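Thanks for coming. I will take one chain today, go through it as a whole, and then stop at a single residue.

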Amino acid sequence: MQRFGITFAALRAMNRILYSLVVSVVAVGHVWAGTLELEGQLMQGGLMQGRTDPDAEVTFDGQPVRISEAGVFLIGFGRDAPPQAKLVATFADGSREWRELKVGQRKYKTQRIDGLPPRKVTPSEEDLVRIGRETALIKQARAQDDTRTDFLNGFIWPAKGRITGVYGSQRILNGEPRRPHFGLDIAAPVGTPVVAPASGIVTLTHPDMFYSGGTLILDHGHGLSSTFIHLHQILVKQGDYVQQGDVIAEIGVTGRARGAHLDWRINLFTRRLDPQLILEAMPSAAAQAAN
Ligand SMILES: [Zn+2]
């Protein structure tokens with residue numbers, strides 16, 4: 001009986017501690033309510049990381065945005081994003097806060113590439129059917145909306161080499177105007193290792209697509225994905241979880257490529273972002289630890 005008494009007393013004491021913990025969390029929650037912070041690159045191709053009350057609802061240009069359990073969310077601006085955007089947070093108590101964002105407008109280069117196989121610039125009917133199939137696979141992989149926040153540790157360069165192509169360039173291929181370039185091209189010899197710029201789940205591997213050749217997509221959470229193309233070899237498989245810095249593939253010259261290089265793309269769902277801005281914008285793991 002004595003023992004039980006002690007146990008009950010201990011339980012009561014623990015309950016009191018738990019109760020006071022809950023109260024203090026609620027109190028802090030009230031202090032935080034109404035918070036809406038943004039950091040990152042407020043410009044075309046840029047990515048911004050926001051922080052708000054986890055219970056808030058956030059819309060970006062009218063579209064709902066996923067908020068993590070810690071209140072973190074992402075917004076991004078496409079290549080031709082208009083100069084204005086609107087971010088609205090609605091808090092649990094019904095109050096609202098918003099930001100009118102002035103999106104920096106950029107000028108893009110024109111890049112001419114000659115000497116590509118004519119078929120890769122003007123595909124046949126049969127090729128177009130294949131391209132349609134492959135595009136659908138890529139779209140599906142980029143549509144993943146995962147609660148993971150692997151992007152929080154920042155991004156590192158997936159490979160070292162000379163930069164031979166940048167985001168947004170207008171492309172003239174074999175003299176024909178074509179879609180802009182959305183990747184960051186890093187030239188290096190065939191077989192050079194490619195590492196994961198941030199942790200993530202492998203959502204697509206394909207050995208040889210018409211345009212992109214060996215293709216790999218990594219999902220970093222909240223719709224943020226990396227696409228790596230023209231790969232020589234892929235060293236991971238669909239469903240694998242890889243850590244930042246893990247070797248995942250080898251640079252190649254497959255698909256519509258003239259010389260060996262890695263083409264790295266970043267998407268926030270269908271929106272195409274500039275990998276170079278993201279390397280600068282995202283706080284590094286070290287900087288976050290210091291916070
Ligand atoms: Zn490229």
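Of the 291 residues in this chain, 33% count as buried. Keep in mind that this is a predicted model. The chain holds 5 helices and 20 strands. As for contacts between residues at least 6 apart in sequence, 65% of them join residues that are at least 24 apart.

Now, confidence. The average pLDDT over the chain is 87, and 85% of the residues score at least 70. Residues 1–32 have a pLDDT below 50, and that stretch makes 1 contact in the model beyond near neighbours in sequence. Residues 284–291 also stay under 50 in pLDDT. For residues 284–291 the model has 4 contacts beyond four places in sequence.

Where is it? Asp208 sits in strand 14, which covers residues 200–209. Is Asp208 buried or exposed? It is exposed, because it has 12 C-beta neighbours inside 10 Å, and a residue with 12 or fewer is classed that way.

Which residues does Asp208 touch, leaving aside its neighbours within four places in sequence? The contacts of Asp208 are then Gly213, Gly214 and Thr254.

One more pair to look at on the screen is Asp208 and His232. They are 24 residues apart in sequence, and their C-alpha atoms are 9.3 Å apart in space.

To recap the residue: Asp208 belongs to strand 14, counts as exposed, and has Thr254 among its contacts. That is what I have for today.

Conventions:
Residues numbered from 1 in each chain as written. Predicted model: local features only at pLDDT ≥ 70, side-chain atom pairs only at ≥ 80, totals over all residues. Helix = DSSP H or I, 4+ residues; strand = E, 2+ residues; numbered from the N terminus. Buried ≥ 20, exposed ≤ 12 C-beta atoms within 10 Å, placed from the backbone. Contact = placed C-beta atoms within 7 Å. pLDDT = per-residue confidence, 0-100.
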